[in-house]
Amino acid sequence: KYKLEVCELGGEEVFIELADDLDNKNYEWDTRTMPDGRYLIRVEASDSPDNVPGSVKSARRLSGAVLIDNTPPVIDEIVVKGGEKSGEVEVTCRASDKLCEIIDLRYSVNGGEDWKPILPDDMIYDSTIENVSFTIYDLSPGRAVVTLRATDALGNMSHVSQTVIVPR
């Protein structure tokens, strides 16, 4: 039989029971039921089903830190404006996440499914905060909607859209 417990690092480090009396070595944990943070998981295995009372043995193991991050990145400090030339739009923004690195930023125009990659200003995705500045070319003059998408290292995504007037 197996018992699973979890505790959040940096707090009181009190273990909470996730499951007890498990027969299966596999356990699927829906981490959306826990606050974002870093956790330790403790597993206790017992041979009680196969032994008589008094001769039962058990052992415990503690995991390394496990990161739970179900919150998508934040996209803010957004400026979307018509560029200096006809058909151009200039975009700047910041993407940030409290717990893990931003790994991807992309944009789409007018609800299109063609998501174009954006490089951060420092040319590498290596931080929980990434700033971007880029120009979109060859747009038709008039009103356009630019949608930005940020993804963190655990696959959480956020989207934000801005309307802009594309210059003639």
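Predicted model: local features only at pLDDT ≥ 70, side-chain atom pairs only at ≥ 80, totals over all residues.
Let's start with strands β7 and β10: they run antiparallel, and eight bridges join them. When I say strand, I mean a DSSP run of E, at least two residues long, and helices are runs of H or I of at least four residues, with the numbering starting at the N terminus. Two strands pair if DSSP finds at least two bridges between them.

Residues are numbered from 1 along each chain as its sequence is written, and side-chain values use heavy atoms, with hydrogens and water left out.

Back to the sheet. Which strands make it up, and in what order? Three strands form an open sheet, ordered β6-β7-β10, with antiparallel pairing. At its edges are β6 and β10 (129–136), each of which pairs on one side only. On average, neighbouring strands here are turned by 10° against each other, direction ignored. For that angle, the axes are lines fitted to C-alpha atoms (for helices, over the stretch in contact), and angles run from 0 to 180 degrees between N-to-C directions. As a reminder, strands of a sheet pair through backbone hydrogen bonds, either parallel or antiparallel.

Now for side chains. A salt bridge here is a side-chain nitrogen of Lys or Arg within 4 Å of a carboxyl oxygen of Asp or Glu. How many are there in the whole structure? The search finds 11.

For accessibility, buried means under 20% relative accessible area, exposed means over 50%, and partly exposed is in between (1.4 Å probe, protein chains only). Asp76 is partly exposed at 22%, and Arg94 is partly exposed at 22% as well.

Next, go to the start of the chain. The side chains of Asp23 and Lys1 meet in a salt bridge of 2.5 Å, N to O. That pair links distant parts of the chain, 22 residues apart: Asp23 is in the loop between β2 (16–22) and β3 (37–46), and Lys1 is in the segment before β1 (2–8). Asp23 is exposed, at 60% relative accessibility, whereas Lys1 is partly exposed at 27%.

Glu17 and Lys3 also meet in a salt bridge, at 3.8 Å, N to O. Glu17 lies in strand β2 and Lys3 in strand β1, so they tie together parts 14 residues apart in sequence. Both residues belong to a network of salt bridges that links Lys3, Glu5, Glu17 and Arg42.

What about the cysteines? A disulfide is a covalent bond between the sulfur atoms of two cysteines. With the cut-off for the sulfur pair set at within 2.5 Å, the search finds zero disulfides in the whole structure. Take Cys93: the nearest cysteine sulfur, that of Cys100, is 17 Å away, too far for a bond. Cys93 is buried at 5% relative accessibility, and Cys100 is buried at 3%.

Glu77, in strand β6, has a positive phi of about 50° although it is not a glycine. Glu77 is exposed, at 52%. Asp138, in the loop between β10 and β11 (142–152), has a positive phi too, near 60°. Asp138 is exposed at 78% relative accessibility.

I'll finish with Asp97, in the loop between β7 and β8 (102–109). Is it buried or exposed? Asp97 is buried, with a relative accessible area of 8%. Contact means heavy atoms within 4.5 Å; leaving aside neighbours within four places in sequence, Asp97 is in contact with residues including Asp69, Thr71, Ile102 and Asp152. A polar atom of the Asp97 side chain lies 3.0 Å from the backbone nitrogen of Leu99. Finally, Asp97 and Ser86 are 11 residues apart in sequence and 35 Å apart in space, C-alpha to C-alpha.

Conventions
Polar contact = N/O pair within 3.5 Å; in protein donor to acceptor, adjacent residues only side chain to side chain.
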